[in-house]
Amino acid sequence: MNSASALRRPALALLLALFCSAGCGPDELAPLPGWGADYEKAAAQAAAERKPMAVLFSAAWSPAAAKFESQALADQRVAGLLAGHVRVRLDLDQESARKTALALGARDRNDNVGAPWLVLVSPEGERRSVAGQCGADHLAGFLGTLGRWQPLAGWESDPAAAEARARETGKPLAVLYSAAWEQEAAAFERQTLSDAKVVAGLGAFTLLRLNIAAHAKRAEADKVKAAPALVLPAPGGSLVVPEKCTPAALLSCVSALGGKPRDLPGWSADREAARKQAGAEGKPLALLLDSADWPCAKFAGAIQDSPDATKALEPFVRVRVDFAGISEKDRADWQANKAPCLVLFDAAGKRYGTYGLKNAAEAPERIAERVADGLKMAAAKTGS
Amino acid sequence: MALQPANSAVYLPFESELAEHDRKIREIEELSRANKMDFSEELRVLRERRVDIVRKAYSNLGPWERIQVSRHERRPQTRDYLDLIFTDFMELSGDRMFADDLAIVAGLARLGDERVMVIGQHKGRNVRERHLTNAGSPHPEGYRKAMLKMRLAERFALPVVCLIDTKGAFPGTGAEERGQAAAIAENLRDMSVLRVPVVAVVIGEGGSGGALGIGVADRLLMMEYAYYSVISPEGCAAILWKSASNAAEAAAALKITAGDLAEMKIIDEIVKEPLGGAHQDPKAAADTLKAALLRNLAEIKGLPVDRLLAERYARLRRHGVWMEGAAASAPAAAGGSGEARK
């Protein structure tokens, strides 16, 4: 063999090897130190040890996943923050991993999964995920926001114990659905629920605080979709107070619960007489349809306590009627399908407006403002 | 990638009875194998009953269920139809500007005895393939690639067959920076005057501008369980009800099924699918589609180019015209009176 052909052979072999490897990455993921590969085992371990779980969806062919693992996950801060987690990495080329990704919500709105996708699962079942390649700073910052589920002073965490106490004390149950990984939940607890007046108002209830992820079925039954939400007992159902609720609005709900119809000076109870008076004096008529439940008490209170609304009502002949006593036809004609409702008529008896409670947690000031504006417009229309 | 084996079935929510029945069949098959016992008669009865169950489940599907079928992960996709319907496929790549978009497959092929240019959107079957094809949502380079191949077809007087299957064009930053809207708009403009016959088929999802970008045609066909819509039901529900969970309601309101669109004359023909959808029998679905494509191509192939373009224009101008207050089944009047609206 001459020296030229001896040199050519390894060169050809090298070229062949390069050609074969070009464009085709490895087919299987190499193990990642510290990360398991069996999801079921990891989930069982996390449940047994009450530890959070980190599930990484990866793929051998994904450069983004390789970079994420070699840079973001290798960072000391990230490693420290993930140290207490049960860690498992799944290969998306396996059908079972794809199904796990779909089940854990590691998917875009079109149900596509991709690599890398890191899902964190708390012991209570809350989930957060980081999709796509991100840097160590971003990942460390994100992981740093995920706190642990801690008890809240004054709130029971065991449903059975809370229900027993409610029976014992006669205080109805107020259920707060919260979450450790929801910033809004933390803000609601810190700002609204810690308000001194709210704390005093909630003293009339047995307080139960549940993690929404751990009590998803109960939350669904309570018609709660997201945390935070406070479910208060109310006549004929329950009142779900959303997180946007201010302390004042929550307080008005709390204080109105179980309330009695409030006295409203200046409002008669004789509808027929009021109608005749309006016709005779050429005045518009304001008809308040209410009942003895808390939304009506809240609505009537909001109007009565507002100087603006009271003033705007002055040109009207005012009458207050029990909602249950009006006919189906009147309800349909007045577009008043539930109490509380304020129906406005002109002097000729023609209806020109109906105002109700927009939602249970609407702030009293906002109700008053809305009704006052409507009354002013109505008065301007009728020239009164 | 080839279709998945039938034994790893994927069931839709409304197919729960079928799933249970199939489980029974598998159990008996397993029992038969394990104990070497003959249960052929029992299995025959169960398989006959299976047909009834599928027929019952699919006899009265609502719009939302049809959409679920159109998205079935085993549903034949463009590359499946390329294997099943066409021969001598020669793939052509690239847009000569930016990159080759794998969401759009294009190439020369034979459809029966016809030489055609076939262009289709491909979603992919597994995570890797869906990653490469961007789950069938083309970037602008995909639409430019498609148009480039259509111009090539025009140069060689080859009919164009378009297979539509996309949730929509990709709306990412890069796509918008590279002119997604302009790429689609240029396709609409150029396809409307393409001097060769164009037949398009919605084989799965026909989402919005992404579908239109290869959907301006002389004949627009739709597979029986495909949908064709200005927006996905989830997107519509998110806008109207602030929640994608109202998607079923949105699907009904949008009128996006093949039946609705045929009634409104948006599409020209519904291509019947095998019992239980194309995924139950991809070969049969492909055969039916092939026959429909050949029939429609034969109808327009011999037309003089001027007439072909005039009819294409007239066909497009008829879209979106209806008579207010007229019965739903009444034919729409093109360019109508003051009561007609566009």
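Helices (H or I, at least four residues) and strands (E, at least two) are runs assigned by DSSP and numbered from the N terminus. The views below show a predicted model, in which local features need pLDDT of at least 70 and side-chain atom pairs count only at pLDDT 80 or more, whereas totals for chains, interfaces and linings use all residues. Residues are numbered from 1 along each chain as its sequence is written, chains are lettered from A and ligands numbered from 1 in the order in which they are written, and side-chain values use heavy atoms, with hydrogens and water left out.

View 1. Asn134(B) is placed in the loop between helix 5 (127-132) and helix 6 (140-155) of chain B, and its phi is near 55 degrees, a positive value in a residue other than glycine. Buried means under 20% relative accessible area, exposed over 50%, and partly exposed in between, with a 1.4 Å probe and protein chains only. Asn134(B), with a relative accessible area of 23%, is therefore partly exposed. Gln335(A), in the loop between helix 15 (328-333) and strand 11 (341-345) of chain A, also has a positive phi near 55 degrees, and its relative accessible area of 57% makes it exposed.

**View 2. An open sheet of four strands in chain A has the order 2-1-3-4, with mixed pairing.** Its edge strands are strand 2 (86-91) and strand 4 (127-131) of chain A, each of which pairs on one side only. Neighbouring strands of this sheet are turned by 15 degrees against each other on average, direction ignored. Two strands pair if DSSP finds at least two bridges between them; strand 1 (residues 53-58) and strand 3 (residues 117-121) of chain A do so in the antiparallel sense, over five bridges. Within this part of the sheet, Leu56(A) stands opposite Leu118(A) in strand 3 of chain A.

**View 3. Helix 3 (residues 63-72) of chain A lies across strand 1, strand 2 and strand 3 of chain A.** This helix runs at about 140 degrees to strand 1 of chain A. Such angles run from 0 to 180 degrees between N-to-C directions, and the axes are lines fitted to C-alpha atoms, for helices over the stretch in contact, where contact means heavy atoms within 4.5 Å.

**View 4. Helix 6 (residues 136-144) of chain A has buried residues, namely Ala136(A), Leu139(A), Ala140(A), Phe142(A) and Leu143(A).** They cover an arc of only 160 degrees around the axis, which puts them on the same side of helix 6 of chain A; the arc is that of the directions from the helix axis to the C-beta atoms. On the other side of this helix, Asp137(A), His138(A) and Gly144(A) are exposed. What covers the buried residues of helix 6 includes helix 3, helix 4 (76-82), strand 3 and strand 4 of chain A.

**View 5. In helix 2 (residues 40-59) of chain B, Leu43(B), Leu46(B), Ile53(B), Val54(B) and Tyr58(B) are buried.** Seen down the axis of helix 2 of chain B, the buried residues fall within an arc of 110 degrees, so they line one face of the helix. They pack against helix 1 (16-35) and helix 3 (63-70) of chain B, while the face turned away from the buried side carries the exposed residues Lys56(B) and Ser59(B).

**View 6. The largest nonpolar core has 62 residues.** A nonpolar core is a set of buried Ala, Val, Leu, Ile, Met, Phe, Trp, Tyr and Cys residues joined through side-chain atoms within 4.5 Å. Tyr81(B), Phe86(B), Ile119(B) and Val160(B) touch the most other members, and helix 13 (residues 282-301) of chain B gives the most to this core, with seven residues. Leaving aside neighbours within four places in sequence, the contacts of Phe86(B) include Tyr81(B), Leu111(B), Val161(B) and Leu293(B). Apart from this core lies another, of 24 residues, among them Ala65(A), Val86(A), Leu92(A) and Val113(A).

**View 7. Two peptide bonds of chain A are cis.** One joins Ala115(A) and Pro116(A), with omega about -5 degrees, and Pro116(A) is found in the loop between helix 5 (95-103) and strand 3 of chain A. The other runs from Ala227(A) to Pro228(A), with omega near 5 degrees, and Pro228(A) is found in the loop between helix 10 (216-221) and strand 7 (229-234) of chain A.

Technical notes
Expected span 1.5 Å × (residues − 1).
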